[in-house]
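Morning, everyone. I will go through one model today, beginning with a single residue and then turning to the ligand and the backbone.

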Amino acid sequence: MIERSMTDRTTARRLAAESVAAGEPTAWFETLYAAAEQGEAVVPWADLEPNPFLVRWAAAGRATGHGRAIVIGCGLGDDAEYLAGLGYAVVAFDVAPTAVAAARRRFPSSEVDYRVADLLDLPPDWIGAFDFVLEVYTVQVLLDEARRTAIANSAALVGPGGTLLVLARARDEDGDPGQMPWPLTRAEIDAFAADGLSPIAVDEVLDDEDPPVRRWVAEFHRS
Ligand SMILES: C[S@@+](CC[C@H](N)C(=O)[O-])C[C@H]1O[C@@H](n2cnc3c(N)ncnc32)[C@H](O)[C@@H]1O
């Protein structure tokens, strides 16, 4: 069973670096989740609770709770379960089969449709099919072409009248991206709007970590 993590990124960073160097930008996620299942690694993003910025956004009345929602890179399923609780019919997917299996096991009576799928190679019938798309911290663990494709494909999931909410770490255009997770610039956030989406609100906020981390809370709409 994957435990709540204490944000030790050592193993994740090593696996990410090896995977990127081998030209397989998404291979390390399954390796990490599988090692965590064996108690040999931690999943640094496994908070085992819904993202507080998502909860705050919904509490401000921004979530309709109607229609189909999709959660990108759903990990262990907490955000997907939260959206299902708001009333959405939720599909949640992750490239790592062990993460999807763990989410199904954690929420055995869930109404969420958990799937193994790749944001970089989406099922064609998902394009433009969702009223609400949630992207939390997936783009920031991808680089280069995979990162650009992930941004474009996140936007492509949004159907007519739909909303995309992006949560990500933030950095300046000329800031050092450092090690994984690699924060997004304002230009990268703006790129979510390239395919016919309009920005509704793009806020840069500080979280309550010590020291505080800069994050984007960005909402887009397709008319
Ligand atoms: C940093 S974690 C964030 C997980 C979750 N969204 C959260 O906030 O806790 C990124 C997640 O995206 C998944 N992921 C990475 N690349 C992906 C891809 N191309 N398609 C689907 N999922 C992907 C990883 O397996 C991992 O679960």
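Y137 counts as partly exposed, because its relative accessibility is 22% and the buried class ends under 20%. Keep in mind that this is a predicted model. Y137 is found in the loop between strand 4 and helix 6. Its phi is near 65°, a positive value in a residue other than glycine. Most residues other than glycine have a negative phi.

D144 is a second case: phi there is near 55°, again positive and again not a glycine. D144 lies in helix 6. With a relative accessible area of 52%, D144 is exposed, because that class covers values over 50%.

Staying in helix 6, which spans residues 144–156, we come to S154. Buried or exposed? S154 is buried, at a relative accessible area of 0%. Its side chain reaches the backbone oxygen of A150 at 2.7 Å.

Now V136, which has its place in strand 4, residues 130–136. V136 counts as buried, because its relative accessibility is 12%. Between the C-alpha atoms of V136 and G196 there are 21 Å, with the two residues 60 apart along the chain.

V136 also brings us to the ligand. A backbone N or O atom of V136 lies 2.9 Å from a ligand nitrogen. For G73, a backbone N or O atom is 2.8 Å from a nitrogen atom of the ligand. For L119, the distance from a backbone N or O atom to a ligand nitrogen is 2.8 Å. How much of the ligand does the protein bury? Taken alone, the ligand exposes 580 Å², and the protein buries 94% of that.

The ligand sits in the largest pocket.

Last, the peptide bonds. Most peptide bonds are trans. A cis bond joins M180 and P181, with omega about 0°. P181 is in the loop between strand 5 (158–169) and helix 7 (186–190). Another cis bond joins D210 and P211, also with omega about 0°. P211 is in the loop between strand 6 (198–206) and strand 7 (214–221).

That is all from me.

Definitions and conventions
Residues numbered from 1 in each chain as written. Predicted model: local features only at pLDDT ≥ 70, side-chain atom pairs only at ≥ 80, totals over all residues. Heavy atoms only, no water. Polar contact = N/O pair within 3.5 Å; in protein donor to acceptor, adjacent residues only side chain to side chain. Areas by Shrake-Rupley, 256 points an atom, 1.4 Å probe, with all protein chains shown as cover. 1 Å grid on protein atoms, 1.4 Å probe; cavity = no way out; pocket = protein on both sides within 12 Å on 5 of 7 lines; lining within 4 Å. Sits in = over half its atoms within 2 Å of the grid points. Helix = DSSP H or I, 4+ residues; strand = E, 2+ residues; numbered from the N terminus. Buried < 20%, exposed > 50% of the residue type's maximum accessible area, 1.4 Å probe, protein only.
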